[in-house]
Amino acid sequence: MKRAFFSLFLAMVAMVMHAQVNFTVTQKQVAPDMFELVFTGTIDKGWHIYSTTESNGPIATTFNVDKKTGCEPVGALTASKKATSHFEEVFDANVSYYEGTVTFTQKVKVTGETYSLEGYLEYGACSNQNCLPPTSVDFKYEGKGVGAAEVKAPEAAPAEETAEEEEAPVDNAAVVPVPVVSENGWWTPVIDELASFGEGTDTANRGLLAIFALGFLGGLIALFTPCVWPIIPMTVSFFLKRSKDDKKKGVRDAMTYGVSIIVIYVLLGLAVTLIFGASALNSLSTNAIFNIFFCLMLVVFAASFLGGFEITLPSSWNNAVDSKASSTSGLLSIFLMAFTLSLVSFSCTGPIIGFLLVEMATSGSVVGPTVGMLGFAVALALPFTLFALFPTWLKGMPKSGNWMNVIKVCLGFLELAFSLKFLSVADLAYGWHILDREVFLSLWIIIFALLGAYLIGWIRFPHDEDEYDEMGEVIINHRTSVTRFFMALVSFAFALYMVPGLWGAPCKAVSAFAPPMNTQDFNLYKASSVEAKYHNYEEGMAAAAAQGKPVMLDFTGFGCVNCRKMEAAVWTDDKVKNLMENEYVLITLYVDDKTPLPEIIEVQENGQTRKLRTLGDKWSYLQRTKFGANAQPFYVLIDNEGKPLNSSYSYDEDIDKYVDFLTTGLNNYAK
């Protein structure tokens, strides 16, 4: 039973490996002495393959010949459509790729009576989270030429020599030497053993929880704005008074009112997904035009919160819905009352909802806007239900006042700061270099310093109420409340925290928002991550056995963006660096290494013959067959016999989690 399950698991792994991109190869005769090889590719949503001219780091799509006689490729490999260009921070350059479907064509000229052509198309495929190793599409075609072509004797000998030179690697091809290295267990599959340690953290679920929490926080903030807070006691009192004889009905009506609010905002989240579409939402996080639009939208919202103007919906909408609610009864009446609240409070909740929808849409999750609006609505609806259940709490509610306007102004500063994040994405995409890291940090330092100045009372905006003395004169030197003092203290401290970043300090608290370090013109901070001493599996394993240390295998790629992020954000940490350098033997294996193997190696995988031509092919084959994985980055800890010491680890920049991953492996090795 276990063996059957293991076989099924391997088959599922194989299906997943080949599911992202699928190529078919056909031969098309275009002239008596000319034919075309046509590679038709279908690419799954969320994935892309790189163009034939890509040279900035990722694996380009290339046409490769292993053996040819009586024919000659003519020209370069051409694509059926123009590649999409996108700025990639890791490579500090634009990379070009294809999505959806694409066809590559290679012309071949027949030069002899018969011809034979054998080779492969190689491509690299990536998503926003993972990259697959270089993948090859093998082909072999042979046939008759156009007739007996006259070939001069002096030219025949070199042609035969060339053919012999080209055929030599194929003649020397051998089965991968797994039985040789399997004597010490280094290549023995350990998929079951690795699975026994459990699976890693579900980052997708964690991401949705974070989106829900962000929406919930936004809903709590919206509660304390001048458009919502004063309405709470009036609405709850209305339901309770309307049902004096039946308090349960009053509570039920208030709860229905809260549920109606949730339904309205969840429908708003669904509408965003339907309007933009799933594919558009997935691309929003890196689309320059959308990010410029979001930046301008947040600047407008910020100006509104700072008191420049009010964003309101047409009053006719409010009147129409309110009159409809008055003329109806039952659940429809309550739902329309909740809809009226949404319209009336739009001047305060609109900017918050707009900011949340921007963040959720650019999260890369299709259900992000819906989940976020659910969190927002739950927080907004909660007090209506709680105060209906416990009406005595209404007496303890803080009264409306200028403190609500202070919250609005603070939100205005925050939206202004976050607008720069989206402008930064567009700046990187177009290569304008107008918002490099030090410029971004300078603006944030100024914004949060001004926020502190406002909270302390040095700056006032149009909506701030004046304070009067007993004679009716305006008080200029008004007192600062303790709450505002501590908020100002936090804002000033945060501004000072970012100052060293102008000289290259990492400022990890803002690293997710600020442009990458390579845009910094002046950098005094030089952090170095761990560098592997071994890039050969067998050599590294032998060294680890001699030193009596466990091994950390790092399956990576030159074109792997998330690999570079892990090395920059996690491997530079002192704890991580100490563990990796002193307690482990680190072996870094590049699955896209183009270095040719001494001889082409043929292996049987999933019932098909596969050729390993490069070091990258070999290390990718090791990752698939030994660990049942195919994406990078992929970190696994093993002992000197090649057995796992912990569950594998992928892309997750949680340093504490990574330290726990390493220490658990050490403890298991000691046992």
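**Exercise 1.** In β2, which residue is the bridge partner of Ala31?

*Solution.* The model is predicted; local features need pLDDT of at least 70, side-chain atom pairs count only at pLDDT 80 or more, and totals for chains, interfaces and linings use all residues. Residues are numbered from 1 along each chain as its sequence is written, and side-chain values use heavy atoms, with hydrogens and water left out.

Step 1. Strands are DSSP runs of E with at least two residues, numbered from the N terminus. β2 covers residues 34-43.

Step 2. Two strands pair if DSSP finds at least two bridges between them. β1 and β2 are joined in the antiparallel sense by 10 bridges.

Step 3. The partner of Ala31 in β2 is Met34.

**Exercise 2.** Determine the strand order of the sheet that contains β1, and explain what is particular to its edges.

*Solution.* Step 1. The order is β1-β2-β8-β5, an open sheet of 4 strands with antiparallel pairing.

Step 2. β1 (21-31) and β5 (71-79) are the edge strands; each has a single partner strand, so one side of each lacks a neighbour in the sheet.

Step 3. Neighbouring strands of this sheet are turned by 20 degrees against each other on average, direction ignored. Such angles run from 0 to 180 degrees between N-to-C directions, with axes as lines fitted to C-alpha atoms.

**Exercise 3.** Describe the open sheet that contains β9.

*Solution.* Step 1. Its 3 strands follow the order β4-β9-β11 and pair antiparallel.

Step 2. At the edges stand β4 (62-69) and β11 (135-144), each with a single partner strand.

Step 3. Between β9 (residues 114-123) and β11 there are 10 bridges. Gly119 has Phe139 of β11 as its bridge partner.
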